[in-house]
Amino acid sequence: MKHTPLNPAELDFLVNGLHKLAHNLWWTWNQEAQEVFHDLSPRGWQNLYHNAVAILHEVSATELRVRLQDREFATRVGAVLASFEAYLNEPQTWAHTAAPALYQNPVAYFSAEFGFHETLPIAAGGLGILAGDHAKSASDLGIGFVGISLFYREGYFQQAINQENWQTEYYTLLNPKNLPIEPVLNAQGQPLVCSVDITATEVFFQVWRVNVGRNPVYLIDANRPENPQHFRDLTLRVYGGDTTTRIMQEILLGIGGVRLLRALGVAPSVFHMNEGHAAFLILELLREKLDSGVTPEAALAATRTECIFTTHTPVEAGHDRFTPELMDYALHKYCGGLKLPWQEVLGLGRVNPANGSEPFCMTVLALKVCRAANGVSELHGEVSRHMWQVLYPGVPVEKVPIGHITNGVHLLGWMKGTVRRYWRRRLTTTNGSETATVALTPDALDQQINSSAFWDKLADPAFISDEELWALRYSLRRELIEFARRRLERQGYRNTQSDFIAFDQLLNPDALTIGFARRFATYKRAPLIFQQMENIVRLTRDSARPIQFIFAGKAHPRDDEGKRFIQNIIHLSKYTDMKGHLVFLENYDVHVARQLVSGCDIWLNNPRRPLEASGTSGMKGTCHGCLNLSILDGWWREGFDGTNGFAIGEDSHAATIEEQDRVDSANLYRALTETVIPTFFDRDSLGVPRRWIQMIRRAMVTLVPQFSTRRMVAEYTEKYYTRR
Ligand SMILES: *Cc1c(COP(=O)(O)O)cnc(C)c1O
């Protein structure tokens, strides 16, 4: 059949729509939108690391218009754009009835890092990933929400492993033109510029806007020609530099962030501090109120009612602390304009305000001046109440006003697109093809994927047989192994000594595949399992019941112990009998994370309890049928019910670190050999592990809807955002 070609106006509509779409991260959690960018340049999609904005530069304007004359492609683009617009304009979101007041006066969510997507590497780890997922779900729920962070033009470091198997760091300059960010302009069309006093200098900053679905996240950027170079470099790297850089970054984030919101005319009803890094925003809110002439007591009381605080750190040493001298150096000019005596300012960050040598703690400031505070799991809430009881003299520990909201993950963002499609097809069709009548609006899809009813149905063998589920698991495991082989081959080119094995023979698609990937902070104990080295080697070499390990993760640039962990594991993978059964993938990021959590059979998590405040990576696997094997810390202590995965040890921990390591590694080995491996290899005559599949079904029902940010952000909204 002959089609009439698209006219110029129709072409303009699609081209403009694609540019708008590329500049809204909504496409990162919409499979059909990603496929459009992929299909424009499949090779570019890989080489440019899934960067929609860069793809639109890669494909010339001429090519794009010609390609859109392919009617089938144009129809797909049109459908994606219609779905995107429907999302942006949805009148009946969850917040429409649950939190309508937040449209006028939104939540301002401050976080030093946001992990959205591999093309915008401005997060160091789980804290940033959580912030990114929080923002995405706030959009999905239709909540009035504005995010504030910094634009780090060299982002977080890239990891390379050298000849000595030692982690080295390098940085690449991010090019704003190739990122899903847009400069924020003033009424004259010039970059909006604000300023804040740091030391004796007025430091200027510009701002980038990231569109996260329906909401903006603003990124503060000190790289202005007005600034001396050392201030321009304040926003160079995520947590870059020393404590002096750190306090200055935090002044930009907290004080600069409030200034920015005022300049934009945004009047938040609540300021949510994601970790203490942002707590200087309290000083700016106080300054505003003191300037209007109220008493310090009234200013404090009013500021308190506007702020809520989420703490993430269960160790004393992990909280930001600044010496009085550094505070004075960084803030004396700013505080000169604050109608509050300097000693009182310092007192806000001290447990004992009268103690002149006590450092200024950002967490103390946040706890003292907020209307609500929470930890990120039940156990972490309890640990935090103990840790900060000193701030509430005479209050029994269970009455210390720190609650908890357990973390979650943004499901549509983490679920592989192919898997999402697979689930939906199984539920909505009788003969394998999705009919037009079941096409859902983006809101309905998000609701459906997050609902218990959906996962109850999926877990019902009447909808998906054991055989089908097992076939899916096999294909996901193979995808991961092929991904790992490609990455290892690339790594191998740099490590001359690693031509020890053909890359296409590394890892075994039939083996029980155990994943461990996260920051290599030492409390997470990446090499714990190798304390039983001989036993583990024996397990990997059992040809009837093979197991294998895939590791990934970055150590902090100044954490030599974490780097030694990496070195250790790579050494085992290259020079011992683990060879071929253990691999380390370089440069962990959200893309690597997505491959790992979907393809592994077991997600291993063995932190030193109770130091894993929540942990989220284990939540990302469940919707793909990956099971958790974890210490009962953080979220898993709440998630585990005896039928939906595996626990290492009991709901308790030993008194000393040495004892804990010894007991936990023994328990880990025991769980592996007594339950995990036997269950995985207990096959029937068709080769299907019925009991394993039953656990996957239980995990889907009990964990997926519960540990999602849709549930989490709704809980923040009901408990804190809309309630005084
Ligand atoms: C999910 C995620 C994390 C957090 O993992 P935890 O297990 O909570 O430490 C860190 N980094 C990346 C890239 C992630 O995707």
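Proline 353 touches Gly347 and Lys368 when residues up to four places away in sequence are set aside, a contact being heavy atoms within 4.5 Å. The model is a predicted one, in which local features need pLDDT of at least 70 and side-chain atom pairs count only at pLDDT 80 or more, while totals for chains, interfaces and linings use all residues. Residues are numbered from 1 along each chain as its sequence is written, and side-chain values use heavy atoms, with hydrogens and water left out.

Proline 353 sits in the loop between helix H15 (342-348) and strand E12 (360-361); helices (H or I, at least four residues) and strands (E, at least two) are DSSP runs numbered from the N terminus. Because its relative accessibility is 43%, proline 353 counts as partly exposed, on a scale where buried means under 20% relative accessible area, exposed means over 50% and partly exposed lies in between (1.4 Å probe, protein chains only). Its C-alpha atom is 8.1 Å from that of glutamine 343, ten residues away along the chain.

Histidine 277 also belongs to a loop, here between strand E9 (270-274) and helix H12 (281-291). With a relative accessibility of 8%, histidine 277 counts as buried. Beyond its neighbours within four places in sequence, histidine 277 is in contact with Ala112, Leu127, Tyr239, Arg246, Glu250, Leu253, Asp320 and Met362.

Helix H29 covers residues 690-703; its 14 residues should span 20 Å at 1.5 Å a residue, and the end C-alpha atoms are 20 Å apart, which agrees. The expected span is 1.5 Å times one less than the number of residues. Buried residues of H29 include Trp692, Ile693, Met695, Ile696 and Arg697, together with Ala699, Met700 and Leu703. An α-helix has 3.6 residues a turn, so residues three or four places apart point the same way.

Turning to the whole chain, the secondary structure comprises 30 helices and 20 strands. The C-alpha trace spans about 80 × 75 × 50 Å along its principal axes. For 724 residues, a compact globule would have a radius of gyration near 27 Å, and the 26 Å of the chain agrees with this; the radius is taken over C-alpha atoms, and the globule rule is 2.2 Å times the number of residues to the power 0.38. Of the 724 residues, 60% are buried.
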